Amino acid sequence: MLNQRNGSSRIGVIGGGLGGLAAACTLAARGHDVVLFEKNEWLGGKAAVLEEDGFRFDMGPTILTVPRVLRRIFSEADRRLEDELDLVRLDPQWRCYFEDGGVLDLNEDVDLMGRTIEKFTGDPKQGEGYRKFLELSEHLHRVSDKFFFWKSVEGIRDTLDMSNSFNLQTLKEVASLRMGRSVAGVIRKHVPDHRVSQMLDHFTQYVGSSPYNSPAVLCSIAHMQTEGGVWYPIGGTRAVPEALAKLAGELGVEFRTGTGVTRILLDDNERVRGLVTDRGEEIELGAVVSNMDAVRTYHELVGGKAAKRFGRETAEPACSGVVLYLGLNKRYDHLQHHNFVFSKDPEEEFDWIYQRGEPAPDPTAYVAAPSFSEPGVAPPGGEALYVLVHTPYLRPHHNWAETLPAYRKTIIDKLARVAGMEDIEDRIVYESALTPQGIHDRYRVLNGAIYGLASHGKFMGAFKPGNRSRQVEGLYLAGGAAHPGPGMPMVMMSGWIAGDTLDRDGIVERVRTPSLSERHEMATVVP
Ligand SMILES: Cc1cc2nc3c(=O)[nH]c(=O)nc-3n(C[C@H](O)[C@H](O)[C@H](O)COP(=O)(O)OP(=O)(O)OC[C@H]3O[C@@H](n4cnc5c(N)ncnc54)[C@H](O)[C@@H]3O)c2cc1C
């Protein structure tokens, strides 16, 4: 039973993905009374786990970057990230396999990587170009930190405080974002070598978008990764939602798993007053954070005039994907923890996925071999191989039950041919798959999208719906389809922003003393 005594001082969180959990932790640490509704029986959303026949697979995200976001969330409750998660830094960050037999490791040290690229391409200019690209990436990262991150942003006007900080320097920084240019264009200007540029293109796959249509500011992801590192949490990426759920529980968050939300209730002034669950309960609340897809939140849970004002009925979803979970009776020692097995022609591949809307005949496969860092993921000598291929978001005519068998063969053939796994088919002792339809049904996303809304548009592609609703007072958004976008670190930042904004708006009273005093808070949590 809900504690009705607190009435409208309760805050409801819809969805227990990483975004919802981050919001719940932040709000509870600030002293709020929080109840979280999750339609599934587990918490963590896409960061789910599959355990079968002695194999353990992370089902969704596997590459963890920008750990300072997690650090900030834990520090809200005066906890140290190091005490909550056992994180291993991976360097090389990825191993890349190319059709021509070339193999290139992405190292975090920029100079070392520059030298490696010189050797790999036989051209000193490519190494120098990489260093220059990383300088630009660092600059874009710093500007993003200043104008884009850690606050609710929906458009260019929100990024600039026109009255206080809008000056010549600001104008210069905005101009330096290279608006109007694409990620692929900027990469090729610096590093024209087709294999290295293909590797660098793949940073935009973290946001499920084409590098040819994504704004140049997303080149900042390269520096976020080289600076902050790529990390593996022992226990799998699944350990991240588990640690957040543990923290939330200790801070007093009430979890209602197995409970979907069917409606957000508004009062006559279009202000949130509660929600309705799929069990027919009507629950009074002071505010709501929705971790459900932003477009579906407005059109399915809010409705009416507010949904009309929000619009975006035709918003473009990010890409979807097919994941193969392959339990092998062999480890491939030549693999790193994270590997990319690239397509022949990236332009053609992205054209299939993002323009034509059909699976690419020659796809890039991302391969995780987690026994590299944690042998216990598989029986001795085996591997819990995870293979992800990006596909278009779901179209009405897609039928993945029919498409999967042939596409699986395309993927397996690619691994055997390009990544030295010739006998893979004979080594599979356990197998399962997740298709775009499965992703759509399990996580209630937009058209099977893995990463929320696409970041397409060379000017405004990076902007998503803001974390504080402009349409409905008392509604906040967290997750991959809200600012600042998808991927583990960004959705957790989105949850933190939603929680922080709601708390600062002061529309719901705190019911407990915050975990940190205001002064301590300022000293510890500023990133
Ligand atoms: C296969 C795959 C691979 C990925 N790889 C990576 C990676 O390597 N690195 C990375 O950083 N990111 C990766 N991602 C992306 C990353 O997983 C997501 O961006 C992130 O986990 C999304 O978190 P979220 O909180 O936005 O949403 P979700 O995880 O989708 O959580 C939303 C939750 O809300 C619940 N919900 C929805 N509607 C309702 C409702 N009405 N009532 C109650 N509950 C509801 C859903 O059941 C779900 O649990 C990957 C994703 C997938 C699927």
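**View 1. Helix 8 meets helix 9 in this predicted model.**
Two packed helices are described by the angle between their axes and the distance between the axes. Here, helix 8 (residues 183-190) and helix 9 (residues 194-201) pack at about 145°, and their axes lie 10 Å apart. The crossing of these two helices is right-handed. On the helix 8 side, the contact uses A184, I187 and R188, while helix 9 brings in S197, L200 and D201. Sort the residues of this contact by class and you get three nonpolar, one polar and two charged.

**View 2. Helix 1 packs against helix 18.**
This pair sits at an angle of about 35°, with 7 Å between the axes. Helix 1 passes helix 18 in a right-handed crossing. From helix 1, the contact takes in L18, G19, G20, L21, A22, A23, T26 and L27. Helix 18 has a list of its own, including M488, V491, M492, W496 and L502. What classes do the residues of this contact fall into? They divide into eleven nonpolar, six polar and two charged.

**View 3. Strand 7 pairs with strand 8 and with strand 16.**
Strand 7 runs antiparallel to strand 8 (residues 103-106), and four bridges join the two. Strand 7 and strand 16, on the other hand, run parallel and are joined by three bridges. Look for Y97, which stands opposite V341 in strand 16. In the hairpin of strand 7 and strand 8, five residues lie between the strands, and one to spot is G101, which takes a positive phi near 95°. In a regular strand the side chains alternate between the two faces of the sheet. You can follow that idea along strand 7: W94 and C96 point one way, R95 and Y97 point the other way, and all are buried.

**View 4. R95 sits in strand 7.**
Strand 7 covers residues 94-97, and that is where you'll find R95. Is R95 buried or exposed? R95 counts as buried because 20 other C-beta atoms lie within 10 Å, and 20 or more is what it takes to be called buried. R95 stands opposite D105 in strand 8, and the bridge partner of R95 in strand 16 is N339. Leaving out residues up to four places away in sequence, R95 touches V103, D105, L335, Q336 and N339. As for G60, that residue is 35 places from R95 along the chain, and their C-alpha atoms are separated by 20 Å.

**View 5. Strand 16 is covered on both faces.**
Strand 16 (residues 338-341) has H338 and F340 on one side and N339 and V341 on the other, and all of these are buried. Strand 16 also pairs with strand 17 (residues 365-368), in the antiparallel sense, over four bridges. Within that pairing, F340 stands opposite Y366 of strand 17.

Methods:
Residues are numbered from 1 along each chain as its sequence is written. This is a predicted model: local features need pLDDT of at least 70, side-chain atom pairs count only at pLDDT 80 or more; totals for chains, interfaces and linings use all residues. A residue is buried if 20 or more other C-beta atoms lie within 10 Å of its own, exposed if 12 or fewer, and partly exposed in between; C-beta atoms are placed from the backbone. Two residues are in contact if their C-beta atoms, placed from the backbone, lie within 7 Å. Axes are lines fitted to C-alpha atoms, for helices over the stretch in contact, and angles run from 0 to 180 degrees between N-to-C directions. A crossing is left-handed if the near helix is turned anticlockwise from the far one by less than a right angle, and right-handed if clockwise. Ala, Val, Leu, Ile, Met, Phe, Trp, Tyr, Cys and Pro count as nonpolar, Asp, Glu, Lys and Arg as charged, and the others, Gly among them, as polar. Two strands pair if DSSP finds at least two bridges between them.
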